[in-house]
Amino acid sequence: MNKSPLLPALALLLAGCATDPPQVLTPPYRAKAFVGPIDASSEIWPKPEWWKIFGSDEMAGLVAQAQSDNLDIAAAASRVLQADAQVTIQRSALFPQLSAQAQAERAGNSGGSLSNGGSPISGTGNVFGLSVGATYQLDFWGLARDNLRSANEALKSARYAQQVVALTVTANTASRYMTVLALRQRIAIAKENIAAINDILNVIKLRVSAGAASDLDLRQEEAQVEAVEAQLPTLEEQETEARFTLALLLGRPPEEFAVTTQNLDGLAAPVVAPGLPSELLLRRPDVAQAEANLAAAHADVDAARAAFLPQIGLSADGGFASAAIGTLLHGSNFGWDIGANLLQTIFDGGKLAGQKDLAKATETLLVANYRQAVLAAYSDVETALQQVANGNKTKDHLVREVKAARDAFTIAKLQYEHGATDLLTVLQAQQTLFSAQDQLVQATQARLQASVHLYEALGGGWSEDPKGRTQKF
């Protein structure tokens, strides 16, 4: 049976058509439900300005400064502009290229010509020209459209990356602010503990003077003071470093930056609940970024395939040429030409094949990256849910421990003052109280930062336009 000659041409045409990106969210990469502890009465999904729910005007102001002045966000915005410029560059291939040229020359020779009589002559002359040219590369196989599609997806990726940076900076600003306040509160507790130790130390000195206590009690209490005071420089250094890091997030010099709040008491620990896992993928800018990168890589695969096919170009030129500028635009001086060309690579040492293999390998890599981003998003939310739940339990236990330890220290101190117990009991009660108070501040900080982590894990109120999606789930 004779095959129709149209079949090879049709096969080539179909080979050059754009194809949809591979659908890679197979069942193993789709979570059906979150298994972490969820408060059913909580609001589902963060609000766009979730950081204001913590109840700190100062923190809200610092976040606003970070969002406007942070240098990482500024750099991300510049990368968006770069990607947008690449779209403009790739789009230009879909349009004719027009050029105009004006020419003025003066040329001469010496003895290079012969007159009618056979005698050599010399002379000079002018040449003036005005021409317009046009070229157009037919995008018959979709190569230019594939390149444009890749650039558009790269632009989407850059915009999503900017949202990732903004969300990260916002969460880091809130978290670092809480660290500063927690360290200040721990410093205050250490100073209160030192003051309490000094009160006991004064009692011991009086008892030593009266012969009711030994120098051993005095030295033990002095050692206790030194031990607590030795912790202060480390805490103060950590507070300074945290404050400097916070200033850097705001794009400000640390010397001109100050935080006025002194503790975590004014901060609330809001709770937010996740919705369906499938909806999470529409609310995570990093997942959307990975999806756009995959779509861009697939467009590059289509472009690499189209590059194997013949490239067809059209050209046209027209203009005037004359030896005198005054007669340049006369009709008799007009000339033109039009043409078409077809370029087919026959041998390039494997360049086109290598480019296609590279595009396919890049796509395979980005399939893995996208799946990894999806799984990481699920894991991030589950981790944050556990942190919130466990943080609540830890804080509740420590609140009760601090109350009991404070009562125990008060009783032990009174008994020692009346000679009803020894100093060791007081020291143990005092150390238990100080440790519990310090741990409570750290647990409060961890619980607040767990809320920040959960808001960040849920996308921080960001949402992708479903029309821009290339993956289905």
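## Helix H4 and selected residues

Lys156 is found in helix H4. The model is predicted, and all the values in this report were computed from it.

Is Lys156 buried or exposed? Buried means under 20% relative accessible area. Lys156 has a relative accessibility of 19%, so Lys156 counts as buried. Leaving out residues up to four places away in sequence, Lys156 touches Ala292 and Gly468. With Gly468 there is also a polar approach: a polar atom of the Lys156 side chain lies 2.6 Å from the backbone oxygen of Gly468.

| Helix pair | Angle between axes | Distance between axes |
|---|---|---|
| H4 and H8 | roughly 165 degrees | within 8 Å |
| H4 and H5 | about 165 degrees | 9 Å |
| H4 and H9 | about 15 degrees | 11 Å |

Helix H4 covers residues 143-209, and helix H8 covers residues 285-306. Their axes cross at roughly 165 degrees. An angle over 145 degrees counts as roughly antiparallel, and H4 and H8 are therefore roughly antiparallel to each other. The crossing of H4 and H8 is left-handed. Sorted by class, the residues in this contact are 14 nonpolar, seven polar and seven charged.

Helix H5 spans residues 215-229. How are H4 and H5 oriented relative to each other? With an angle of about 165 degrees between them, H4 and H5 are therefore roughly antiparallel to each other. The crossing of H4 and H5 is left-handed. On the H4 side, the contact is made by Ala190, Asn193, Ile194, Ile197, Asn198, Ile200, Leu201, Ile204, Lys205 and Val208. On the H5 side, the residues include Asp215, Asp217, Leu218, Glu221 and Glu222. By class, the contact of H4 with H5 has ten nonpolar, three polar and six charged residues.

Helix H9 covers residues 351-417. The angle between H4 and H9 is about 15 degrees. Angles under 35 degrees count as roughly parallel, and H4 and H9 are therefore roughly parallel to each other. H4 passes H9 in a left-handed crossing. Which residues meet where H4 packs on H9? From H4 they are Ala196, Ile200, Val203, Ile204 and Arg207, and from H9 they are Phe409, Lys413, Tyr416 and Glu417. The residues of this contact divide into six nonpolar, no polar and three charged.

**A residue of H9**

Leu352 also belongs to helix H9. Its relative accessible area is 14%, which means that Leu352 is buried. Not counting residues up to four places away in sequence, Leu352 touches Ala307, Phe308 and Thr345. Leu25 lies 327 residues from Leu352 along the chain, and the C-alpha atoms of the two are separated by 30 Å.

Thr470 is found in the segment after helix H10 (423-457). At 17% relative accessibility, Thr470 counts as buried. Leaving aside residues up to four places away in sequence, Thr470 touches Pro21, Gln23, Glu153, Glu291 and Ala295.

Trp45 is found in the loop between strand E1 (43-44) and helix H2 (57-69). Trp45 counts as buried, at 6% relative accessibility.

Glu105 lies in strand E2, which runs over residues 97-114. With a relative accessible area of 42%, Glu105 is partly exposed. The side chains of Glu105 and Gln103 are joined by a polar contact of 2.6 Å. Apart from neighbours within four places in sequence, Glu105 is in contact with Gly125, Asn126 and Val127. Ala323 is 218 residues away from Glu105 in sequence, and the two are 9.2 Å apart in space, C-alpha to C-alpha.

Note on methods:
Residues are numbered from 1 along each chain as its sequence is written. This is a predicted model: local features need pLDDT of at least 70, side-chain atom pairs count only at pLDDT 80 or more; totals for chains, interfaces and linings use all residues. Side-chain values use heavy atoms; hydrogens and water are left out. Axes are lines fitted to C-alpha atoms, for helices over the stretch in contact, and angles run from 0 to 180 degrees between N-to-C directions. Helices (H or I, at least four residues) and strands (E, at least two) are DSSP runs, numbered from the N terminus. Angles under 35 degrees count as roughly parallel, over 145 as roughly antiparallel, 65 to 115 as roughly perpendicular and the rest as oblique. A crossing is left-handed if the near helix is turned anticlockwise from the far one by less than a right angle, and right-handed if clockwise. Ala, Val, Leu, Ile, Met, Phe, Trp, Tyr, Cys and Pro count as nonpolar, Asp, Glu, Lys and Arg as charged, and the others, Gly among them, as polar. Buried means under 20% relative accessible area, exposed over 50%, partly exposed in between (1.4 Å probe, protein chains only). A polar contact is a pair of N or O atoms within 3.5 Å; within protein, one must be able to donate a hydrogen and the other to accept it, and residues adjacent in sequence count only if both atoms are side-chain atoms. Contact means heavy atoms within 4.5 Å.
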